[in-house]
Structures are given as structure tokens and as C-alpha cells.
Amino acid sequence: MRIVLLGAPGSGKGTQAALLRRALSLPHISTGVLLREAVSAGTAHGRQAEALMNRGELVPDDLILELLAERLAAADTRCGFILDGYPRNLAQAEALDVMLAGRGTPVEHALQIDVTDQQIIERLTHRATTEGRSDDDPDVVRKRLEVYAAQTAPVVDYYSHQHKLQRIDGSGEIGDIHRRIIAALGAGTQC
């Protein structure tokens, strides 16, 4: 099962992807984690990404594609994956389709986790305090939401036109949201 999780920063994609990883025995691939690992390692790409993320800007597509292509080539993605944080714009969605089509493994499910901006600001402000993430500062969060609305939200339409999109109510308790996602997917993995 090849799943793309969509939603604004702070919508719960990472939390839900971790739960899905356990429930479906699929790898959770977070472009955010791939980027933070590059930043932590101090690579040239990591330094470039860090400056952009701290300003609330998106990392260039070519950098993300390089990191993602390497990860999707790993053996543990043979039965599928849960992709979190990619695609963020139409060009990335199209590039992902081309990459996966070349492997004969297209995206099967695109899940949009819907959460209000106010809920997101509250969640990320809390995360900034507890995890010390500089990209979760309230001013940076507002900028990230603006960027999301302008660049990422159209990806929802892209998957909707492919009849792969399902909208998930991202409010409430984590377990309730997880049950909504499992119900939307309908079945377990098949490899």
C-alpha cells in the first residue's frame, strides 16, 4: 500500500504516519526527518535546508527529490510506504508520479488531514516549547501556513482528480483520527 499523507504543518501527519507504520507494517518516510538528518549531519544540502526551514520557507524540489529517491530505493519499501511531507507542490506530485510509474508502484491513497489554522498554531507552539524546534516559532508557523496555502493545498486537487484523495477530520483525539484513517484505507497491506 503506497500512501501519501497531506496536510498543513502541525496537522498530525507525522503522528498518524507513525501509528500507520505500526498498524500496516510499512515504512514511514518523512521528508522532514530526511531533511533534519541532513542538517544534523552538516552536509551541504543540510546547511542549505536549515537556513530555509528556519525562515519558514520550503526546501527546493531538487534537494527533496534526491533524498527521497534514495530512500524509496531501499528494500523495505517493496510492499509500500507511508510518505509524510511530500509532495508539497504540483511539480513534486508530478515528479513522484513519474518516479513511481517507472517502478510500477503508483501512489494508491492520498489522505488529506484537515485541521484549522488555530489548532495548528496551538499544536506547533506547544511543540516548539517541548521539542525546541526553531521552525515552530509562532511567526514562522504563520509563514509556513501561508506557504502551504499557496503551494501545497493545490496538491489536494491533483489527487482528487486522480480519485485517490480522501479527506480526514484531523481534530480530536489521536486515536480517533487514527481510526478514521484506517476506516478510509479499508484494508491492510498486501505484498
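**View 1. Ser30 is a buried residue of strand E2.** At 8% relative accessibility, Ser30 counts as buried. Buried means under 20% relative accessible area, exposed means over 50%, and partly exposed lies in between, with a 1.4 Å probe and protein chains only. Ser30 sits in strand E2. Helices (H or I, at least four residues) and strands (E, at least two) are DSSP runs, numbered from the N terminus. The C-alpha atoms of Ser30 and Tyr86 are 7.7 Å apart. Along the chain, 56 residues separate the pair.

This is a predicted model, in which local features need pLDDT of at least 70, side-chain atom pairs count only at pLDDT 80 or more, and totals for chains, interfaces and linings use all residues. Residues are numbered from 1 along each chain as its sequence is written, and side-chain values use heavy atoms, with hydrogens and water left out.

**View 2. Leu96 and Tyr159 lie in the largest nonpolar core.** This core has 50 residues, and Leu96 and Tyr159 touch the most other members. A nonpolar core is a set of buried Ala, Val, Leu, Ile, Met, Phe, Trp, Tyr and Cys residues joined through side-chain atoms within 4.5 Å. Helix H4 (residues 61-72) gives the core its largest share, 5 residues. Leu96 is in contact with Val4, Leu68, Leu72, Leu83, Tyr86, Pro87, Val107 and Tyr159, leaving aside neighbours within four places in sequence. Contact means heavy atoms within 4.5 Å. In soluble globular proteins, nonpolar side chains tend to be buried together.

**View 3. Leu100 is buried in helix H5.** Helix H5 covers residues 90-103 and holds Leu100. The relative accessible area of Leu100 is 1%, so Leu100 counts as buried. Leaving aside neighbours within four places in sequence, Leu100 is in contact with Leu72, Phe81, Thr105, Pro106 and Val107. Leu100 and Arg2 are 98 residues apart along the chain, and their C-alpha atoms are separated by 9.9 Å.

**View 4. Helices H7 and H8 meet at an angle.** Helix H7 spans residues 138-152 and helix H8 spans residues 154-161. Their axes come within 6 Å and cross at roughly 35°. Axes are lines fitted to C-alpha atoms, for helices over the stretch in contact, and angles run from 0 to 180 degrees between N-to-C directions. From H7, Tyr148, Ala149, Ala150, Gln151 and Thr152 meet Pro154, Val155 and Val156 of H8. This contact of H7 with H8 has 6 nonpolar, 2 polar and no charged residues. Ala, Val, Leu, Ile, Met, Phe, Trp, Tyr, Cys and Pro count as nonpolar, Asp, Glu, Lys and Arg as charged, and the others, Gly among them, as polar.

**View 5. The largest pocket draws its lining from several elements.** About 1100 Å³ of space lies in this pocket. Of its 44 lining residues, Pro9, Gly10, Lys13, Arg127 and Arg144 are the closest to its centre. Elements that give two or more residues to the lining include strand E1 (2-6), helix H1 (13-24), helix H6 (117-131) and helix H9 (174-185). By class, the lining has 16 nonpolar, 16 polar and 12 charged residues. On a 1 Å grid over the protein atoms alone, a pocket is an open set of points where a 1.4 Å probe fits, with protein on both sides within 12 Å along at least five of seven lines; lining residues have an atom within 4 Å of a point. Grid points are joined across faces, edges and corners, and a volume is the space filled by probe spheres set on the points.

**View 6. Gln166 and Asp169 both belong to strand E5**. Gln166 is partly exposed, at 30% relative accessibility. Leaving aside neighbours within four places in sequence, Gln166 is in contact with Ala110, Leu111, Gln112, Ala184 and Leu185. Asp169 is partly exposed at 40%. Not counting residues up to four places away in sequence, Asp169 touches Asp114, Ile177 and Arg180.

**View 7. Ser25 and His163 have positive phi values**. Most residues other than glycine have a negative phi. Ser25 has a phi of about 55°, in the loop between H1 and E2. Ser25 is exposed, with a relative accessible area of 63%. His163 has a phi near 60° and lies in the loop between H8 and strand E5 (165-169). At 74% relative accessibility, His163 is exposed.
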